[in-house]
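Student: Before we start, could you take me through this model by question and answer, with the cut-offs stated as they come up?

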Amino acid sequence: MAQSDLLYPENPRRRQEVNRLHQQLLDYLSDSFHITNKLIGVLNMHLGCKLASIEMKGDGTIKENCDIIIQAMMKIQKELQKVDEALKDKLEPTLYRKLQDIKERETEKIAIVQKVISVILGEATSAASAVAVKLITSNVTTGIINKLVTVLAQIGASLLGSIGVAVLGLGIDMIFCAILGAVEKTQLQAAIRSYEKHLVEFKSASENYHHAIIEVTNTVKRQMK
């Protein structure tokens, strides 16, 4: 038992709690990598993008891995913006406005996009049109992705950012050396509060992102039947 545990008998429990929260953060990060690669695959296949897949850096810090996802998302947004600008350029203003109208039926939007998608991509497929509609004419790009980018940036800038993603394999005591250099009561409590605050936001943003991309992939599957 560490000497500080004699002074603060709740420290072992707090260390276990930080251990649990750290693993939860890693799980959310891993899911964000996975679902981003799924989106990249859809964009490369159906919108002619050439985006590279991303990989979690096992020997990196939380911040480094957050930055990898952020950079990938910015590249995704840039590609989608190109398609959006091309649609705006090729469509009549009234048709383009229909794409932005949340009251307009999705099937109608897909039909509108399909009128010009061959000019933009060199071929016309209902799957490509569906991807464009799902990602460009909804809040996925401007809302859901932006929110997750903001949360990831906040986590990277927090005291959690400098922690290595592989620190769990070093043992519980090493986690606290990596985080704080000590296991005093106030420091452990600060770590727990930081994890809890960011995990609440990360969970919400991550789940919304995950559900949005799954909806895109399911729509593509339906279009390809």
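Student: How many aromatic pairs does a search of the whole structure find?

Tutor: This is a predicted model, in which local features need pLDDT of at least 70 and side-chain atom pairs count only at pLDDT 80 or more, while totals for chains, interfaces and linings use all residues. Residues are numbered from 1 along each chain as its sequence is written, and side-chain values use heavy atoms, leaving out hydrogens and water. Rings of Phe, Tyr and Trp (its six-membered ring) pair if their centres lie within 6.5 Å, and planes under 30 degrees apart count as stacked, over 60 as edge-to-face and the rest as tilted. On that basis, the search of the whole structure finds one aromatic pair.

Student: Which residues form the aromatic pair, and how far apart are they in the chain?

Tutor: Tyr28 and Phe202 form it edge-to-face, at 5.6 Å centre to centre with 70 degrees between the planes. Tyr28 lies in helix H2 (residues 11–46) and Phe202 in helix H10 (residues 185–224), helices being DSSP runs of H or I with at least four residues, numbered from the N terminus. The pair thus joins distant parts of the chain, Tyr28 and Phe202 being 174 residues apart.

Student: Is Cys66 buried or exposed?

Tutor: Buried means under 20% relative accessible area, exposed over 50%, and partly exposed in between (1.4 Å probe, protein chains only). Because its relative accessibility is 1%, Cys66 counts as buried.

Student: Which element has the lowest mean pLDDT?

Tutor: pLDDT is the predictor's confidence in each residue, from 0 to 100, and the chain averages 83. Helix H3 (residues 62–90) has the highest mean, 94, whereas the lowest, 45, belongs to helix H1 (residues 3–7).

Methods
Helix = DSSP H or I, 4+ residues; strand = E, 2+ residues; numbered from the N terminus.
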